[in-house]
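Please keep the sequence and the structure in view while reading.

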Amino acid sequence: MVILVINAGSSSVKYQVINPEKEAVLATGLVERIGMSGAILTHRPTGRKEVRLSGEILDHKIAIEYVLSILLSKNHGVIKDKKEIDAVGHRVVHGGEAFSSSVLISEEVMAQIRACIDYAPLHNPPNLRGINAAKQLLPDVPQVAVFDTAFHQTMPKYAFLYGLPYVLYKRHGIRRYGFHGSSHRYVASRAARLIGKPLDELKLITCHLGNGSSAAAIKYGKSVDTSMGFTPLEGLLMGTRCGDMDPAVILQIMAKEEMTPNDATTMLNKHSGLMGISGLSSDMREIEEEYDTNDRARVAHDIFTYRLRKYIGAYAAAMGGVDVVVFTGGIGENSMLVRKNALKGLEFLGIELNEEKNKAQANGDRQINTSSSRVKVLVIPTNEELVIAQDTMHIVQEMKANQ
Amino acid sequence: MADKDNKTLDINILGQPDLGGGDKVDAIKIVTIFGAGTMGQGISQLVASKGMEVLIIERDKQQAKHGYAQLEKNIDEEIARWTMTESEKRAILSRIKVSTNTEDAVHGDLVIEAISEKLEAKQELLARIDTICEPDTIFITNTSALSITEIASATRRQDKVIGMHFLNPVPKIPLVEIVRGLKTSDATYRFIKEFAETLDKTAVEVFEYPGYITTRVIVPMINEAIHILMEGVATAEHIDIAMKLGYNFPKGPLALADQIGLDELMAWMENLFRELGEAKYRPCPLLRKMVRAGHLGRKTGKGFFEYK
């Protein structure tokens, strides 16, 4: 089966062509600067040379048209006929409370995704544009939506409600939703497979640490808590986002600095986090380069790992124990210092890091705890696209079986 | 008529990096903006931030350079107060080009004029570009008090001339008054209303009358505040505190006057007074005195309050 996975952003479209049965990636690629001058398509067919095309790409439909034509091209293509695409899987950021799993896209589903625009004003509209474009260009191919929020819909009410007047939840959907769902779900099931135990017998804490970061408590296969909330601003410290803080702080800053709500949103999302504290960079690698010499870089790093450590402790308490801690995402997969500092002092929970294994330069799935550690510590490169492709495949198979 | 070419904008007096291919927000790809003063800068930044390309035309090359530098400075100030990012700045600046040649107006899918607030100058410019631009190009005039009908009368496309009254600072004020001249067509109005939406501005529709809504309401109020000050009823601080706390104004009337510029404010009042002939629009003598003394508000460091 061949699945086209599409992740449409405001001015970009990322894509992968995947055979989910074989877990094989046929091609990956990216269209950038859609609707701007100098749009670029970068296409990487597996095992062959990368191709770059530039031209005028006015909208998502034209972008996906370009993608299809390069997928079909004689020299750089990976399929011979559009009909080889069995289904399209779309990443959709916000599914609200309407979706607790991936779904076949119908008009009704589209309407519900539209209804969630208020929750994700920057993400859901381009996601919808991607879906519309793919529907027009591949009208007979089933389209599936995979939501970032869906996996966390299993959180109990006491974990997802804020301590606000209850009517605000009912009236405006103000609650915690959580994000990175596909990533947390992927690394959790991968971890269970790696240690050879069924997922529904394990208590896992998964840490997706990238430009945006979140931790999740996954008890017996279900997300019971996660650090991001109504928006991806809550929780851990991130590259340019502040994470947890006293909400009164923002009201105080708005008054003192004469900020509008828009101004404040930009400050909290784009000028805070590692960048705001260090004044140096939002990139963890650059922060670590100056860890020993620059006080502000060090304190930014320390806040990052301290907060992560608190979440690990909190989630162990929330689940009544922990069997596995997983690190994923750019920082989780690559920063030995973050892993080391975040787990420092957690031996009382049964977490013992093997320093050598933690330091070893490696790619791929690996276990980095000591042999005596009660808790397994794993590094697992995430693969959200594979989750989207697999979900899409299952839904299409089910649909065909029911016909 | 000069040749129109949307694909290549080879106008580059500031030696900026090449723009590459075309751009678009729906049908409007390139917006020509006349004038690199405060309003021209603000409108250019706003339009470019929404993904359209901007061609600023300013006759005087020094003025053009200064305007562009000021625009850059305005964005830097926003970055310093954490409300914009470096990458937004790069994107915006990459979309703005500057020319000194009026003929270049032809490249715009829309023309916005933001030159000085003088009827003759505006008429002269519109008459000139009327012969340069394609006959279906809409002309927007940015004025806070002048008659759209009168400005439009200089052209042969009076149905396609419309007013957009942006308020300073343009990128931040969420409002625009769309002002219809006597002969402005419904189609032009609808098109510009949609344009305002793509700029994320809330538009209010105004049928031409001196002062529209905002200027006509704010002017007598500020003037009254100046009278109160002149008559020794209260200090400038207390007048502003009273209005801020008593009626929930984010800024007091005198601080607002300083921000607008006292010379500008007086010009508005004189225009309203001339047009409508009512005493309530007559500039307060204290305002005249301050303008004559060169205390024009924020921009000169001294107005009703002092600014360092």
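In chain A, the axes of helix 11 (residues 295-319) and helix 13 (residues 336-343) come within 8 Å and cross at roughly 50 degrees. Here axes are lines fitted to C-alpha atoms, for helices over the stretch in contact, and angles run from 0 to 180 degrees between N-to-C directions. Helices (H or I, at least four residues) and strands (E, at least two) are DSSP runs numbered from the N terminus. Helix 11 of chain A is therefore oblique to helix 13 of chain A; angles under 35 degrees count as roughly parallel, over 145 as roughly antiparallel, 65 to 115 as roughly perpendicular and the rest as oblique. The crossing of these two helices is right-handed, meaning that the near helix is turned clockwise from the far one by less than a right angle. Helix 11 of chain A contributes F304(A), T305(A), L308(A), R309(A) and I312(A) to the contact, and helix 13 of chain A contributes V338(A), N341(A) and A342(A); residues are in contact if their C-beta atoms, placed from the backbone, lie within 7 Å. By class, this contact has 5 nonpolar, 2 polar and 1 charged residues (Ala, Val, Leu, Ile, Met, Phe, Trp, Tyr, Cys and Pro count as nonpolar, Asp, Glu, Lys and Arg as charged, and the others, Gly among them, as polar).

Helix 11 of chain A also lies across strand 9 (203-209), strand 10 (213-219), strand 11 and strand 12 of chain A, at about 15 degrees to strand 10. In chain A, 6 strands form an open sheet of mixed pairing in the order 11-10-9-12-14-13. Strand 11 (222-226) and strand 13 (366-367) of chain A stand at the edges with a single partner strand each, so one side of each has no neighbour in the sheet. Strands pair if DSSP finds at least two bridges between them. Strand 12 (residues 324-328) and strand 14 (residues 376-379) of chain A run parallel, joined by 4 bridges, with V326(A) and L378(A) as bridge partners.

In chain B, strand 6 (residues 161-166) is mostly covered, with 6 of its 6 residues buried (20 or more other C-beta atoms within 10 Å of a residue's own, with C-beta atoms placed from the backbone; exposed means 12 or fewer, and partly exposed in between). V161(B), G163(B) and H165(B) point one way from this strand, and I162(B), M164(B) and F166(B) the other way. Strand 6 of chain B pairs with strand 5 (residues 138-141) of chain B in the parallel sense over 3 bridges, where F139(B) stands opposite V161(B). Strand 6 of chain B pairs with strand 7 (residues 175-180) of chain B in the antiparallel sense over 5 bridges, and E177(B) is the bridge partner of H165(B).

Residues are numbered from 1 along each chain as its sequence is written, and chains are lettered from A and ligands numbered from 1 in the order in which they are written. In this predicted model, local features need pLDDT of at least 70 and side-chain atom pairs count only at pLDDT 80 or more, while totals for chains, interfaces and linings use all residues.

Definitions and conventions:
Two residues are in contact if their C-beta atoms, placed from the backbone, lie within 7 Å.
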